[in-house]
Amino acid sequence: MLEDRLLLWKFKRGSSEALERIYDKYETYLITVATALLNNTHAAEDVLHDFFVSFVQSAEKVKLNGNLKSYLAVCVANLARNKIKRRQIEPGSLDDGDSIVSTESEPDLLAMQKEDVAKLNEAMAQLAYEQREVIVLHLQGNMKFTQIAKLRSTSVNTIRSRYRYGLDKLRSLLNSEVII
Amino acid sequence: MKSLKDIKKIVKQFSIKPRSEMRSKVLKDALDVQRSQKHLSDMSIWRMIMHSKITKLAAAAAVIIICIGIFTILNHSAKTAYAIEQTITAMRSISSVHAYCTDWDGSRGEVWVQVNPVTGEEEYCYSDIGNLVIVGTPEVTYYYQTDENRVRIRAGYVTASDVRFSYFFEDMIALMEQYEGELTINNQYDEELRRDVIIVRAYIPDQPDMPEKEFVVRVDPQTKLPISIEVTICAAGNGVKSVDRLEYNLPIPEGIFEFEIPEGAEVVDESRYPEANECFDRGRRALAAGDFAQAKELFERVIAIQPMRNRAHYWLGVTYCNLGQYDTGIAQFTAVIDMFGEYNMDVPYARFTRGLAYAAAGNEQAANEDLLAVLPTMIGHLRDGERRGNHFDGTDDPLLRDRNEEQQIRSAELSRANMIRRLRKITGEDFGFDVYDREAYEVPEAVIEAWERWYAESPSIEIDEDYELEFVLPD
């Protein structure tokens, strides 16, 4: 949206207001993406922190090819991937105190979905990172398979396969009674 | 068992609420880094503009007019003329304008304008003030009302002001001359800039088509470019209150003129309005010529583009009635009545014509209800002649808009005479006024009193089917 273009323009010129606005606008979204990728909220918070600091440090180099939301998601995904590669974290479960919310608001539905989401998180932890990443970027980040393929320097078919196998496994895990 | 669709839905709905302390921690570190950055933020944008190459060139080319005392533009002194000319030259070097504005309700916003370097005309604009975002491009202009989530689209670039940025002084002088206004220029020390600036005060006295207006423009003596504009006298809601800061030739934010219609927004496409206007005019002429099939097609095209164009609905209703399709005609008149009903306004002319259509369709009860409801307006119009029933005059002639100015204006006498013709049609009475005499314009007081007495004592509807309603139009 135009507001994002304007925010980015101001941010690149050192506007603290623009930085705060970008943070407030995308904080929940980015922590969700990071958590979905890392299955560890503390690690996700670290990623978000590191991302915003590096975002400011490289403000002048920021260039959008698509929208700001996707750009931010990709940056967070890259940092999460690096963290996994460096084995700085081990995928784990969400903490008890973590606040899982649903985008729906009806109380009954919310209770049901909280349970689903908790199960989902455990199931996601059992996917290969590459599969989890494609699922999160495609479904949460609204990125196209071609964009993800370009980002990961691999073929679209590979990305599609990861997505399909990942979803199949998720379905199988979520439909089973016990998640190991 | 969860399907793949369910799984996708759960993933999409997955959301984590950040801990409250996250914001302060992350932002504190990020803002610290930002403050320590040694890039553009260290240099105020304003200073950057003042030192930009293009404005420097403009400044170098211009003669410093700081020494100019108080005078009016009408003096046309050589110095003044030269100074203004230099300012005009400086204005022409503009490729972009960035303005910070304050509106009358205190809301703030900003405007970006891209100026065509060859023509000096505005080419693209982005404005975000209060609840309204405007994006203008050469092809189309979007107006996005954010609080109502509604987008209006108009064809071409729609300028927001009578005064164009790059022709600011020429337009302002022309405006002063047109309205016999006053333009005064003097110098004043500016605390913010810590030097003298040129103060241009423009005053337009109250005009029939424009209320009293005064605005003050601060001009930088070096660049000759306006740096702020404040409207000091103006009818509320007429343009912004002030342009607090103007910046020139900044790189325009990427993609700012690319408007995307927000999800779920109501879209009112006014870009096809010229086409609708053409169809409407052709429809009126077809109706007047008795080509009802053609009129029907044209009015329907108008309504497809402008569903809320009441007169198109009205004339389409008349067309249907002429085709003998009374029910469809009644639906069109009802559309007009409902349209205004939302605002608690009645539409007597549409109710009158609908009453006649009901009668023609054989629905006597509905006809009586409508016609009795409009009687007070019709009778009242005989007395005030120029007010209550004047909308009837617009519907007695599909070609009204094509008539010359004199023919378009109905005199009070003529308007009364035609109203009696309508009353005759729905009551069978005339109270001594010869409705067949086309020269009979003046309605005697005794006739008006007779109608008023009738209405007070025994108003009733009795449509005279033999009387053909025919209006007298101005010569």
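Modeller: Here's a look at one pair of helices in chain B. The model is predicted, so to speak of local features we need pLDDT of at least 70, side-chain atom pairs count only at pLDDT 80 or more, and totals for chains, interfaces and linings use all residues. Residues are numbered from 1 along each chain as its sequence is written, with chains lettered from A and ligands numbered from 1 in the order in which they are written.

Our pair is helix 11 (residues 348–360) of chain B and helix 12 (residues 364–384) of chain B, whose axes come within 8 Å and cross at roughly 150°. Helices here are DSSP runs (H or I, at least four residues), numbered from the N terminus, and axes are lines fitted to C-alpha atoms over the stretch in contact, with angles from 0 to 180 degrees between N-to-C directions. Helix 11 of chain B and helix 12 of chain B are therefore roughly antiparallel to each other, a label for angles over 145 degrees. Their crossing is left-handed: the near helix is turned anticlockwise from the far one by less than a right angle.

Who touches whom? Among the residues in contact (C-beta atoms, placed from the backbone, within 7 Å), helix 11 of chain B brings Phe352(B) and Tyr358(B), including Arg351(B) too, while helix 12 of chain B brings Leu371(B), Val374(B) and Asp370(B), among others. The residues of this contact divide into 9 nonpolar, 2 polar and 4 charged. Nonpolar covers Ala, Val, Leu, Ile, Met, Phe, Trp, Tyr, Cys and Pro, charged covers Asp, Glu, Lys and Arg, and the others, Gly among them, are polar.

Methods. Helix = DSSP H or I, 4+ residues; strand = E, 2+ residues; numbered from the N terminus. Parallel < 35°, antiparallel > 145°, perpendicular 65-115°, else oblique. Contact = placed C-beta atoms within 7 Å.
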